[in-house]
Amino acid sequence: MATIGVVDTTFARFNMGKAAINEIQQNATAKIIRRTVPGIKDLPVAAKKLIEEQGCDIVMVLGMPGSKEQDKICAHEASTGIIQAQLMTNTHIIEVFVHEDEAKDENELVFLMEQRSREHALNVVKMLCRPEKMIKEAGTGQRQGFEDVGPARM
Ligand SMILES: Cc1nc2c(=O)[nH]c(=O)nc-2n(C[C@H](O)[C@H](O)[C@H](O)CO)c1C
């Protein structure tokens, strides 16, 4: 059975890990190992530990960069760390970030955090268990959270 790691943060304003796990459980039979860390800069090592110490086949890391300038710098640093952890472990770590200022109000923020978490959870299931489904979606303008934009037309 495949093992999927899920790491989220206490900084985020919505329980992204819970939504992701619920979506995985509805669509796959997998062992799920969850961790929660304070913030997004703590995600890379948590994911690396899940891969190296717990044998996860793929990991989702979920977090919410805030709207301040220092939060955006923090998000860039976290992303760089996540990419480095992927290269060090040769394993996919799917980054699910919702920037607080992507949403126009709190209702939309909650909607976006739940939708993006769930839709990326489905991507993880497809990547791990049904890669042919992912290939079928190549070039189709998928977006996680807001509406898909669709393929470009001539
Ligand atoms: C400035 C800052 N911004 C964010 C953020 O926007 N989102 C987030 O999840 N965490 C933030 N943090 C906390 C760091 O990611 C980290 O948790 C602490 O520096 C402790 O290692 C910090 C320090």
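1. Asn90 sits in the loop between H3 and S4. Here helices (H or I, at least four residues) and strands (E, at least two) are DSSP runs, numbered from the N terminus. Asn90 has a positive phi of about 55° although it is not a glycine. Most residues other than glycine have a negative phi. Asn90 is exposed because its relative accessible area is 73% (buried means under 20% relative accessible area, exposed over 50%, partly exposed in between, with a 1.4 Å probe and protein chains only).

2. A word on the model and its numbering. This is a predicted model, in which local features need pLDDT of at least 70, side-chain atom pairs count only at pLDDT 80 or more, and totals for chains, interfaces and linings use all residues. Residues are numbered from 1 along each chain as its sequence is written, and side-chain values use heavy atoms, with hydrogens and water left out.

3. Thr9 belongs to strand S1 (residues 3-9). Thr9 counts as buried because its relative accessibility is 7%. A polar atom of the Thr9 side chain lies 3.2 Å from the backbone nitrogen of Ala12. This is a polar contact (a pair of N or O atoms within 3.5 Å; within protein, one must be able to donate a hydrogen and the other to accept it, and residues adjacent in sequence count only if both atoms are side-chain atoms). Setting aside residues up to four places away in sequence, Thr9 touches several residues, among them Thr36, Val37, Leu62 and Met64 (contact means heavy atoms within 4.5 Å).

4. Val37 is found in strand S2 (residues 31-37), and it is buried, with a relative accessible area of 12%. Val37 and Asp8 are 29 residues apart along the chain, yet their C-alpha atoms are separated by 6.3 Å. Beyond its neighbours within four places in sequence, the contacts of Val37 include Val7, Asp8, Leu43 and Ala46.

5. Which residues of H2 are buried? They are Leu43, Pro44, Ala46, Ala47, Leu50 and Ile51. An α-helix has 3.6 residues a turn, so residues three or four places apart point the same way. The buried residues of H2 pack against S1, S2, strand S3 (58-63), helix H3 (69-89) and strand S4 (93-97). Helix H2 (residues 43-54) has 12 residues and reaches 15 Å from its first C-alpha to its last, close to the 16 Å expected at 1.5 Å a residue. The expected span is 1.5 Å times one less than the number of residues. Just after H2, Gly55 takes a positive phi of about 70°.

6. Helix H4 (residues 106-129) has 24 residues and should span 34 Å at 1.5 Å a residue, and its end C-alpha atoms are 34 Å apart, which agrees. At the start of H4, a side-chain oxygen of Asp105 comes within 3.2 Å of the backbone nitrogen of Asn107. Glu108 is also in H4. Glu108 is buried, with a relative accessible area of 18%, and touches Glu102, Ala103 and Phe146, not counting residues up to four places away in sequence.

7. The last point is the ligand. The residues around the ligand include Phe11, Pro38, Lys41, Gln70 and Cys74 (one heavy atom within 4 Å is enough). A backbone N or O atom of Gly39 lies 3.0 Å from a ligand oxygen, and a polar backbone atom of Gly66 is 2.8 Å from a ligand oxygen. A ligand nitrogen is 3.2 Å from a polar backbone atom of Met64. Taken alone the ligand exposes 490 Å², and the protein buries 69% of that (Shrake-Rupley method with a 1.4 Å probe).
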